[in-house]
Amino acid sequence: MENDHRFTRWILAILGGLAVGYCVLVLAIVATTPDLRLRFLLVDSVGGAVASQPSNLPGIEIQQTPGIKWKGLQAPQLGDRLVAMDGRPVTNFLDFAKAQLALRNRGGSPLYGEKDPLAAEAPLVQDEEGNRWLKIEYVRPGTDKRLTSSIKLQSVPSDEVGVTLLWFLLQLLIFSVGAIAFWSRPFDESARRFFAMCTATLGAFVGGFHWAMIAGSFWLTLPFAVSGILLPAVTLHFFLGFPRSKLPLTSWRLVVNWLVFATPVAAIVCFLWAEGLIWTLSGQSARFPPELILTWLNYLRYGVYVYLCVSAVYFLATIASLTHSLFTTRNPVELSQVRWILWAGVGAAMCIGYALVLAAFSRTDFALGGARYPMFLASLVFMFAYAIGIIRYKLMLIDQIISKGMWYYVLSYGATGTVALSIAVGTLAVAVGKMPTVEQPSWIIAGIVMLGVILLIWVRDSWQHFVDRRFFREKYQLDKALQRIHRDAGRLTDVQFLSERLSVTCRDVLQSSRIGLYLSDGRPNGFRLTAAGGQSAGMPMQLSLPDEFIQALADDPTLQRVTPTTREGISPVQNLLRQWHADLVHGLEIDGKLAGLVVLGPKENGMMYSAEDLTFLTALAQITGIALHCAKVHQDITQLNEDLRLKTDLIGRQRQQISILQAELATVARPDQTNTPSDQFRRDGIIGHSPALEGIMDTVRKVAASETSVLLRGESGTGKELLAKAIHDNSARHDGPLITVHCAALSAGLLESELFGHEKGAFTGAQSDKQGRFELANGGSLFLDEIGDISPETQVKLLRVLQQREFERVGGTQTIQVDVRLIAATHQNLERLIADGKFREDLYYRLNVISVTLPPLRERSEDVLELAVYFLRRAASRAGKRLAKFEDEAIDMLARYSWPGNIRELQNVIERAVVLAEGETITTTDLPMDLQNDTLPEHRKPMSDAFLQASDSGDPLVERQALIDALQKCGGNKARAARLLGLARSTYFSKLKKFGLADADGLVSPIRRIPR
């Protein structure tokens, strides 16, 4: 309900503003449009009576020539027919109206000396005195000869514009009162209807007074016509509910509204259709005969007269409604309002009746402004009645609305308006009363004007200072109260103390007879009385607020009690304020939620709360809100930081998605390049652009060009093999082979044979000579993965190869020379192995010439999405599925997972999701359960860190216990346990065998039988 009132308030406010703007625009156009002092009818009359059909005579008939000034052989007379003006033919009234309106911004051709304007070639000329003369052509009845005259362009008669301006200013006062009442009381239906009636009255009367002047513009005619059509219905609708709603309106509201507004709405539709058609025909006059436009103008005239009769019926119904209210109203104040307005209606009926008689029996006088003054008097009578009701009988309860703040703005802006008026009048007086014989230098006149303006501004500022001191004498008291509250703000944790301070301050400053502070008690919409002051007896200890009251406080934190004009106008919110005997309720908000209420009773002096009181209460409530908020700061700060981190991650992922899409579009847009330029850095298979990875790639760019050995360190699955390939591909050996050996997957004997080769018969099964990996890698690079797992004997031979570049095959005696660059990789702590005697220190220094440590995937989370998209595209292509994207929840889950198995685990997860996915999007249900569980906060730190610490400790019992804990956590699933520890599966199985945790078949024993 409150939202509906807010929406209606804004709609009517916009319409009211447009109506005022329209009136000002019409007045400005009328005041600046030149007048030929020729008057015409919408459709000509024949023989003194309006023709039933358009006349076949050329042009339009001149009906009046008030104050015309001309030059020529003969002056235009009544009955002459205007056939051309400004060099353009005139076939109907619309042609004349458009031509006259077009003269506003046109200057005439200069006319020098005593030259006659008729002798000039241009139709519009300007003499030396600045007067403009327009050439017209007309035909006198009884002759076919065209006569020509030059008509002086004058201003619209001042009495016509003066009456309109006087009426507009008077009506604007009533309109302003209605606007204030309507804006302050959006729930009051009578206030809304009164404002709507004032809005329609403005547009209808100002436009109607000068309909002939604005008829040349469709957009100026439209607001006047719509307002005039709606005015009778809007007026009747207001009086059906004033001072209280009549029985039909309360029982059959929808039916009554339909009956009242159906005819005006239909009339507006017909008008728009006819007016649009007339303007369309006029705009394409070359295609349509002039008689067709005259016919439709005649139809429009008939429609105007018909609706005048309809308006008379509406007016009689309005008088009948007022008469009914006179006999049924019991409230004496309301009865006085009705009596004054009814007498105004009776007086206006005589004026309106005279206007209707003119329309029926003297339509020419009616159309040419004969009804202007009767309608002005009728409206003036209603204005007088409204003014009496507003001042004496509190019409629209205006005494509740015009507060001290309102009077302050009236006096302040009134002073500004007075200064502006003085300057305008002084300038006009100088311009009108200047003496041509006296000439003064411009700087003297400018100095005098400047002194006058300075004096006026000084007077205005002095008045403003007086008004400020008069209306804001309590500022010092407010300042003292705020300072006292600021000093007490140090006890922010003592909510009870601050509540009592709030109560005392409101009593001292606002002079409230009672005050209560309610704070939330934890119940939904429940509040408990925390502090009270004044005559607080009877205030409820607990409150349970309805949802609509909570919503009203959300829309406006301050709710003020008002007196409705009708019982039906009491909203549920106002009803609650009446039950609490509260004049003002202010809501205390914390983090956008209602945390408390300040309930104020009436003032001790009986006055209403002013705008300054509301400002003070708002400041006081903000300080109180600080105290209530401090108790929650510490417990909320962690959650706020977490929310900020999640939002930052989300933004980062979105940016990453954009980068991926842009890169993909760029790849699609350019043709495939099969040959990579030799100077371009190659990073085939290495996906990601995180700062951590880019730092590694910068190191690789520098390392690749050298011939030194490289040691790659990092957890399993971080892409050490791909990095070794990048080093090889970007080195001078890129044309040579890259041979890869996984040292941990081979026993000591097999590894030695694999590296150095063997001779036939060197051992059982050696049936032929075999080249080792060093020989195969000659001229290229050799990548030894998991070099920390090789035996001490193999380390010795490997050291010799690195030092002397030669070796012998197993079982052979021939020394073989090789040219190989060695790239080694390990996930183990070699320094710890050296200390334990498991790795040769001299070999370590030969390998560790250049060391590159690859970060785990959890430290380059920016690359997770890019890697996932890459694996998704590749897996979907292999599976023949149309999978293109991840849902947001799945992306969030992938980003939050710790990835103990690093990139290898991510690849396996995506391939599994592609197999399980049924649609075109990867969802959370397609991801494994251990991935979902490990995204919880307590699992953010991977277990692989703990296992690395256990391995580095050198205590086999600690390392064994870490293996057992991983098996228990994964329910005996060895694959999940290996990923959780960040180990390769083969390494994991070897450690299980080492500690006796696997049976002879290589299967993990049940957890319950693992020895402690």
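I'll go through the aromatic pairs and then the charges over rings.

Just so we're clear, this is a predicted model. With the pairing rule we use, we get 16 aromatic pairs. Take F93 and F96 as one of them: the centres are 6.4 Å apart, the planes make an angle of 45 degrees, and that goes down as tilted.

So where do these two sit? Both F93 and F96 are in helix α2, which covers residues 93–101. They're three residues apart there, about one turn of the helix. And are they buried or exposed? F93 is buried, and F96 is buried too.

Next one, Y844 and Y845. Here the pair is edge-to-face, with 5.3 Å from centre to centre and 65 degrees between the planes. Now, what about accessibility for Y844? Y844 has a relative accessible area of 8%, so we call Y844 buried, the cut-off being under 20%. Y845 comes out at 52%, and because exposed means over 50%, Y845 counts as exposed.

Okay, charges over rings. Which residue lies over the face of W133? That's K71, at 4.5 Å from the ring centre. Then there's R301, and R301 lies over the face of Y302, with 4.6 Å to the ring centre.

Conventions:
Residues are numbered from 1 along each chain as its sequence is written. This is a predicted model: local features need pLDDT of at least 70, side-chain atom pairs count only at pLDDT 80 or more; totals for chains, interfaces and linings use all residues. Side-chain values use heavy atoms; hydrogens and water are left out. Rings of Phe, Tyr and Trp (its six-membered ring) pair if their centres lie within 6.5 Å; planes under 30 degrees apart count as stacked, over 60 as edge-to-face and the rest as tilted. Helices (H or I, at least four residues) and strands (E, at least two) are DSSP runs, numbered from the N terminus. Buried means under 20% relative accessible area, exposed over 50%, partly exposed in between (1.4 Å probe, protein chains only). A charge sits over a ring if NZ of Lys or CZ of Arg is within 6 Å of the ring centre and within 35 degrees of the ring normal.
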